[in-house]
Amino acid sequence: MSLQRTIAPSILAANFADLAADIKSVENAGADWVHLDVMDGRFVPNLSFGAPVIASLRKSSSSYFDAHLMVENPDNLIEDMKQAGCDGITVHLEACTHLDRTVSVINEHDCCAGVAINPHTPVDNLKHIIDKIGLILIMTVNPGFGGQRFIPSMVEKIQQARELIADRPIHLQVDGGITQETAPLAIAAGANNLVAGSAIFGADPTDYALRIAAIRG
């Protein structure tokens, strides 16, 4: 089953002084989802924002909120993310002691359960959970900071994930270094869901539509 190509701007690269306005700008420019990078300063070396900020943004946006939890003990945040208005919750395989249980709890909260894997983690680690998730996130950089360069060897990994998904209705998302130049590589390898931060928000808001269209291909 082929899912529609989805562009999910990461607000990690947005204007934090006026996030609501920047989100509205990318929505008007054609963004499909809003990607929310939640970082705790432990699983990754950076801090970002949490449920209170997301709940505040939810009041002014009807977009699909795609929460990417780069945190230790993600189970502790699932309820908060749901209450804040997230539609999808993605956790890192590397952070989950009992991945099956974590994914089940996300599903029980009526959110799309996603699993992210870092560049060093083999795709095969997902084969026993594949029928319980709605999204696989292939990190094409090491997580924690925006503006990094796409790791070329991750193209093969995206292909492996596409083979694992087969005809299941599962989004294959890529995150890290996605630009007008690297997006076609990810799409050709089988990705249908592209997260981009500085490649979109690094432009003037009047150019967001052009940036999104270029990444969409």
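The side chains of Arg216 and Asp32 meet in a salt bridge, with 2.9 Å from N to O. A salt bridge here is a side-chain nitrogen of Lys or Arg within 4 Å of a carboxyl oxygen of Asp or Glu. Arg216 lies in helix H8 (residues 208–216) and Asp32 in the loop between helix H1 (19–28) and S2, so the pair ties together parts that are 184 residues apart in sequence. Helices (H or I, at least four residues) and strands (E, at least two) are DSSP runs, numbered from the N terminus. Arg216 has a relative accessibility of 22% and counts as partly exposed; Asp32, at 27%, is partly exposed too. The cut-offs for these words are under 20% relative accessible area for buried, over 50% for exposed, and in between for partly exposed (1.4 Å probe, protein chains only).

The model is predicted: local features need pLDDT of at least 70, side-chain atom pairs count only at pLDDT 80 or more, and totals for chains, interfaces and linings use all residues. Residues are numbered from 1 along each chain as its sequence is written, and side-chain values use heavy atoms, with hydrogens and water left out.

A search of the whole structure finds seven salt bridges. One of them joins the side chains of Lys132 and Asp100 at 2.8 Å, N to O. This pair links distant parts of the chain, 32 residues apart: Lys132 is in the loop between strand S5 (112–117) and strand S6 (135–139), and Asp100 is in helix H4 (residues 99–108). Lys132 is partly exposed at 37% relative accessibility, and Asp100 is partly exposed with a relative accessible area of 37%.

Another salt bridge is formed by the side chains of Arg42 and Asp40, at 3.8 Å from N to O. Here Arg42 counts as exposed, at 56% relative accessibility, whereas Asp40 counts as buried, at 13%. Asp40, Arg42 and Glu72 are linked in a network of salt bridges.

His35 is buried, because its relative accessible area is 0%. The side chain of His35 is joined to that of Asp37 by a polar contact of 3.1 Å. A polar contact is a pair of N or O atoms within 3.5 Å; within protein, one must be able to donate a hydrogen and the other to accept it, and residues adjacent in sequence count only if both atoms are side-chain atoms. Leaving aside neighbours within four places in sequence, His35 is in contact (heavy atoms within 4.5 Å) with residues including Ala8, Asp66, His68, Asp175 and Val195.

Asp175 leads on to the largest pocket. Which residues lie nearest the centre of this pocket? They are Gly146, Gly147, Asp175, Gly176 and Gly177, out of 25 residues that line the largest pocket. On a 1 Å grid over the protein atoms alone, a pocket is an open set of points where a 1.4 Å probe fits, with protein on both sides within 12 Å along at least five of seven lines; lining residues have an atom within 4 Å of a point. About 330 Å³ of space lies in the largest pocket. Grid points are joined across faces, edges and corners, and the volume is the space filled by probe spheres set on the points. S2, strand S8 (193–196) and helix H7 (198–201) each supply at least two residues of the lining.

Helix H2 (residues 51–58) contains Arg58. The side chain of Arg58 reaches the backbone oxygen of Ser63 at 2.5 Å and makes a polar contact of 3.3 Å with the side chain of Asp87. Leaving aside neighbours within four places in sequence, Arg58 is also in contact with Phe65, Ala84 and Gly85, among others.

Two residues in loops remain. Most residues other than glycine have a negative phi. Asn73 is not a glycine, yet has a positive phi of about 50 degrees. Asn73 is found in the loop between strand S3 (64–70) and helix H3 (78–84), and is partly exposed with a relative accessible area of 48%. Asp110 has a positive phi of about 60 degrees, although Asp110 is not a glycine. Asp110 is found in the loop between H4 and S5. Is Asp110 buried or exposed? Asp110 is exposed, because its relative accessible area is 65%.
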